[in-house]
Each structure stands twice: as structure tokens, then as C-alpha cells.
Amino acid sequence: IEAMNEHPQFAGISYKRDTSDHIPFPRLRIKVRPEIVTLGVDIDPKEAAPKLTPQEFHELIKNPEVVIFDARNDYESAIGRFEGAVAPAIKLFQDLPDILDEYEGLKDKTVVTYCTGGIRCEKASALMVKRGFTNVFALGGGIVEYAKAFPEGAFKGECFVFDDRMSVSFTQSPEILGSCRLCNAPSNSYRNCQNPECNDLMLVCAACVGAGMTHCLVCEKASLTRAI
């Protein structure tokens, strides 16, 4: 952070700090990419919607007419989201431009976008502005900064993260919004299918893991078929 702050192009970055009982990032990788998070649409970052502080966001969403728009993937919103949020069924952020036309009815409403750390929702807000949404905002700092200010606030469940932790919670007893892909029991725990050729991300409960059910339904069915 000290080295970054000494560089004129990176000074003043807002860093997200968190603690963990183990090292969740096994290695550091630095890449040069055309987009920090791939959206696949030419947008001007200067056209991004105004950012709200967690306090401003918290007050704004008390208005039932305000639309809270989740800019994350569906497997993220499956285990945690803001109450009443619109959560598009997308597997990748770059799918958002293709499905945004489904939300034409929101163009004249007050819409506030959110994501994990404030990057995707900023880009999503710029896309919305470009597509004609008239009153858009973005949650500055994302879920992470909001939950620090309001751990018992409007965000329910757990927040999916892209490291070895898979998810983080902000309360001692977070609501379980997801369900086991194998038996439909309540679960917010993600694992990868143990078939290395699949490796599909799946929600699975502790009971199924304890019973040795560590493959997704597709791979489990294929295995049984081969055995027969």
C-alpha cells in the first residue's frame, strides 16, 4: 500500500481491509488487463452514477420506491443480498449488458446498484446511464463498507468472496438464504464438485458433505450410470 501510494497514478486508492484466521490468497498475481472487471461494453468511467456513502445508501433504501439492483452474479446473490433487491440471473458480469433490456421498466425509477467492493456496481451504473436510466446511484465501497457501518443492517445472509474463504458473514448468526444443491436443505456453504473435469461451484450442506456426497448432481448421476 505504501508503494502504491507513492505512485502518482495509484495514490489515493480506497483499500478494503479484512481479517482472516488463515491466508485466503495463496499467491499474489499482477496482470495487465483492458478492464478491471470484464463488462465487454465501451463505457466512459466518468459517466458512472454518483456514489453513495453507506450512511446515504442506508437512508435511501428506506424508501420502498427505490430499486436496489444487485450487480453481482446469481451464485453470489443466492447466499446474501439486500432485502428486496433485484438480482439478475447472470453467471458472469459480462452477461449484464445482454439482460439489462429486461429492466426497461426501471428506467424512470430511482435505482441504486451494489456489488461486493464497489467496482462492478460503478461500472453497472455507467452502463445504466448509457442505456437511458435517469436516476441511478452506486453504493460506494459495496457490501463490505456498508456492513462495516451497519452489520445488523439491510444486507442479509453472507457475502460471497473470490478467495479461499468463499464467503464472509458480518453477524454471529447470519441468515441462511441458500439451499443445498443435493438435498435442498438450507445452506450458505459453497464447494467445488470434486470431479476435476467439472469443478462446478455448488451449494452443499454439512450433512451431504459428511455423507461423502461431494459431487454435483450431474456428475453423481453420471457416476451411477457408469456403475450400472
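Tutor: A surface patch joins residues with over 30% relative accessible area and no salt bridge: like charges within 9 Å, nonpolar side chains (Val, Leu, Ile, Met, Phe, Trp, Tyr) within 5 Å. A salt bridge is a side-chain nitrogen of Lys or Arg within 4 Å of a carboxyl oxygen of Asp or Glu. Areas come from the Shrake-Rupley method with a 1.4 Å probe, and for residues only the protein chains shown count as cover. This model is predicted: local features need pLDDT of at least 70, side-chain atom pairs pLDDT 80 or more, while totals for chains, interfaces and linings use all residues. Residues are numbered from 1 along each chain as its sequence is written, and side-chain values use heavy atoms, without hydrogens and water.

Student: Which residues form a nonpolar patch on the surface here?

Tutor: Met4, Phe10 and Ile13, with about 230 Å² of accessible area together.

Student: How do the strands pair?

Tutor: Strands are DSSP runs (E, at least two residues), numbered from the N terminus, and two of them pair if DSSP finds at least two bridges between them. Here 4 strands make an open, parallel sheet in the order S1-S5-S4-S2.

Student: How many residues of strand S4 are buried?

Tutor: In S4 (residues 110–114), 4 of its 5 residues are buried. S4 pairs with S2 (residues 67–70) over 4 bridges, where Val112 is the partner of Ile68. In S5, the bridge partner of Val112 is Phe137.

Methods
Buried means under 20% relative accessible area, exposed over 50%, partly exposed in between (1.4 Å probe, protein chains only).
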